[in-house]
Amino acid sequence: MNYGILAWKNLARRPVRTALTVVGVGMATAVAVSLGGFNLGFRAAISRSIEQLGFQVMIMAKGCPYEAATLMLKGGTGLLYLPESAHEQIRTDPDIEAITPVFLGVAEKPAGGPEENTGPSAFTLIAGIERESYAKMKPWLQFKSGPGFDGGRWFSPDAAAEAVMGFEAAEYEQRKVGDLFYITVVPHGKTEPEFHAFRIVGVLERTGTQDDGTVFVPLHTAQRIFGREGQLTIVGVTLRQFNAIRMREFEGRWMSIPEVQVVSLEQVKGALVSLVGTAQTMVAAVAVIAILVAMIGVLNAILMSVYERTAEFGILKAIGAERRQIFYLVCLETLILCFAGALAGSGVAAGGAGLTDATLRRLLNLGLTQPMVLITPRLLAAAIGGAIALGLLAALWPAARAAALRPVEAIRNQE
Amino acid sequence: MKSNVYDQPFITIAIGDAMPRQFHKKPLRQKMVWRIVLLSTLFAGTRQAQAAIGCTLSNPGRDLKTLYPEMTSYREELREIRRLPESANAFEWFQERLASPLDPVYEGADTPYTFYLVFQGNRLLGYVHGVNVPGRGGVIQIFLAVDPETAAITRLFFQRLETPSSAALRDRTVRDQFQGLTLADFYMHDYFQAASPGHEADKVGRLSPPARLPPDAWTDWHAILRGVRKNLLLLDLFLFHRRHDPFFNRARELLNPKESPS
């Protein structure tokens with residue numbers, strides 16, 4: 001007996017029911033694959049974003065975040081800073097592989113509109129850095145080349161009025177190498193804005209990180225124009241060996257400085273993953289419901305098929321078919337249904353990954369530039385395998401019922 | 001999360017519980033603030049990722065209502081030269097009439113232009129459109145409100161203009177000089193500038209910068225003139241069906257009598 005042909009013919013006898021069952025399985029598979037892809041992609045995107053910061057550990061002033069919230073929400077000033085001496089102390093730590101001090105400040109961009117005095121409409125993030133230690137920590141930073149950008153370089157150590165722009169900052173301000181760039185800052189302790197002009201000496205290639213929107217100036221220049229000499233916003237650190245034990249030891253050594261707090265970016269990564277954990281759990285619940293509905297659909301379709309074909313099974317058994325052959329035939333029909341549905345669903349999920357990514361970005365605007373949906377061959381294989389396994393599970397009862405039919409009773413009941 | 005949170009200059013997101021131990025002792029609100037700020041720092045700036053930067057109103061509802069108090073609704077239309085049926089010709093048309101070179105990096109055919117159509121009921125009150133032009137120390141964003149019938153400027157304002165002389169350049173009397181100008185005036189200016197400088201019919205030639213403008217701010221004044229012309233050209237191209245082309249052709253004929261009009 002050719003089971004494949006027989007199973008296919010049986011399914012083809014009820015094309016609408018077969019198609020609907022396949023669609024049901026396909027939809028459940030597409031949801032499951034998309035969710036799995038989001039789980040994989042989001043973790044990968046977070047990891048990449050964190051890695052591109054270059055730091056494993058950030059040291060910042062205690063209380064700094066509360067002041068930074070003011071800065072962020074109102075566009076004003078008020079970050080708390082840690083003393084530069086903390087950097088000098090911490091850099092002696094034997095576990096440190098690289099360390100870089102960073103000063104962050106926000107320059108307001110004067111706005112306008114049909115009405116006068118509409119206030120600032122934009123802000124530019126100014127990072128005061130030590131070019132050598134910063135570039136060492138972020139070796140992937142490259143200068144943009146091409147007309148208008150050739151000859152890009154970091155500012156000279158003694159050039160106070162030179163700046164390097166991130167890709168997006170340059171694009172937004174329409175700046176090129178050699179152009180001037182104006183910054184207006186209200187220095188700490190003063191009330192009137194001061195105007196500063198910088199010569200752009202380099203524009204960085206796009207990195208997909210916060211560096212793209214940043215204007216880099218020499219550390220001491222930034223401290224001076226913001227009126228914060230001898231102060232830093234963060235100190236970025238990479239350790240020779242980065243693991244939980246080393247991190248705890250490092251943290252313990254430097255938490256003793258009263259002004260600072262030590263933050264591992266691994267912790268931040270975990271926090272970010274847990275941020276969408278709730279959302280992912282909810283979507284997973286929806287996916288589980290979809291899978292259950294699909295299983296019930298498969299069960300219903302196969303059960304109906306078995307009921308309708310009671311006499312047929314009776315005749316098959318009367319002419320010599322064994323129980324296991326009937327059982328196998330029903331399972332094979334289920335397998336075809338589930339395989340076709342899973343294949344279609346996986347194809348839809350893989351083909352629509354871009355759309356899913358765009359939708360998720362719209363719903364969960366997390367500022368990640370890397371793809372948030374990552375559909376791998378392994379994920380597709382798992383989804384197809386899972387759909388078949390669950391489908392076969394749903395088919396056990398109808399198949400057992402069909403196999404257990406007595407030929408004479410089966411033929412009589414259908415007459 | 002509320003969508004308006006994302007309108008801040010930094011990206012703001014709240015995160016879960018895997019924070020350093022010392023913060024678990026702090027009140028919940030403080031922890032949330034900490035998380036928001038830290039992640040804002042991590043991802044600040046990444047929202048700007050775009051291929052080409054267009055020029056949109058930062059607060060369209062408020063700004064358009066200020067320009068047209070009687071307005072009841074507005075519509076945005078996004079246009080790009082590269083999406084026009086004959087994009088290469090259109091871009092050439094644009095370059096030729098701008099009378100100054102387009103920046104190959106920041107003024108390409110893929111730049112998105114946002115046109116605001118302002119309505120009172122079903123009646124079209126006006127068009128508002130902004131352009132970016134590179135100024136001396138940063139971008140200048142020049143918006144024009146124009147009459148949909150005459151294509152004349154009814155209002156000019158700067159959304160971005162950062163220069164030591166920005167107060168003088170933003171002055172209302174300086175901006176009001178542009179009221180009533182059309183693209184035809186700029187085309188006629190090309191002729192008068194070459195053939196009859198100082199002619200009383202040359203409205204563009206009569207535009208004057210603020211008194212005692214420092215020499216280094218003249219770059220921005222010229223950028224503003226270029227920006228206004230660029231803005232009017234884009235309006236002519238996308239909304240007025242190149243209605244001012246006869247003026248361009250006539251000016252060119254007069255300046256180069258042997259050349260035939262395009």
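**Burial, pairing and charge**

User: What is the relative accessible area of B:K203?
Analyst: B:K203 is partly exposed. Buried means under 20% relative accessible area, exposed over 50%, and partly exposed in between (1.4 Å probe, protein chains only). The value for B:K203 is 39%.

User: What pLDDT must side-chain atom pairs have to count?
Analyst: Residues are numbered from 1 along each chain as its sequence is written, while chains are lettered from A and ligands numbered from 1 in the order in which they are written. Side-chain values use heavy atoms, without hydrogens and water, and in this predicted model totals for chains, interfaces and linings use all residues, local features need pLDDT of at least 70, and side-chain atom pairs need pLDDT 80 or more.

User: Which residue forms a salt bridge with B:K203?
Analyst: A salt bridge puts a side-chain nitrogen of Lys or Arg within 4 Å of a carboxyl oxygen of Asp or Glu. Here the N to O distance is 4.0 Å. B:K203 sits in the loop between α6 (183-195) and α7 of chain B, and its partner lies in helix α6 of chain B, 18 residues away.

User: How many residues apart are A:K138 and A:D211?
Analyst: Their side chains meet in a salt bridge, 2.9 Å from N to O. A:K138 is in the loop between α5 (131-137) and β5 of chain A, and A:D211 is in the loop between β7 (194-203) and β8 of chain A. A:K138 counts as buried at 1% relative accessibility, and A:D211 counts as buried at 3%. The pair links distant parts of the chain, with a separation of 73 residues.

User: Which helix holds both B:E253 and B:R250?
Analyst: These two side chains form a salt bridge at 3.2 Å, N to O. B:E253 is partly exposed at 30% relative accessible area, and B:R250 is partly exposed at 46%. They are three residues apart, about one turn, in helix α8 of chain B.

User: Why is strand β8 of chain A described as largely enclosed, and how many of its residues are buried?
Analyst: Helices (H or I, at least four residues) and strands (E, at least two) are DSSP runs, numbered from the N terminus. Two strands pair if DSSP finds at least two bridges between them. β8(A) spans residues 214-218, and the rest of the structure largely encloses it because its buried residues number five of five.

User: Which residue is the bridge partner of A:A127 in β8(A)?
Analyst: Strand β4 (residues 122-129) of chain A runs parallel to β8(A), joined by five bridges. Strand β5 (residues 162-165) of chain A pairs with β8(A) in the antiparallel sense over two bridges, and A:M165 stands opposite A:V215 there. For A:A127 the partner is A:F216.

User: Which strands stand at the edges of the five-stranded sheet in chain B?
Analyst: The sheet is open, antiparallel and ordered β1-β2-β3-β4-β5. An edge strand has a single partner, so one side is left without a neighbour in the sheet. The edges are β1 (73-79) and β5 (153-160) of chain B.

User: Which residue stands opposite B:F115?
Analyst: Strands β2 (residues 113-120) and β3 (residues 123-134) of chain B run antiparallel, joined by six bridges. The residue in β3(B) opposite B:F115 is B:H129.

User: What percentage of the residues in chain A is buried?
Analyst: Chain A has 15 helices and eleven strands. Among its contacts with a separation of 6 or more, 78% join residues 24 or more positions apart. Of its 415 residues, the buried share is 53%.

Note on methods. Contact = heavy atoms within 4.5 Å.
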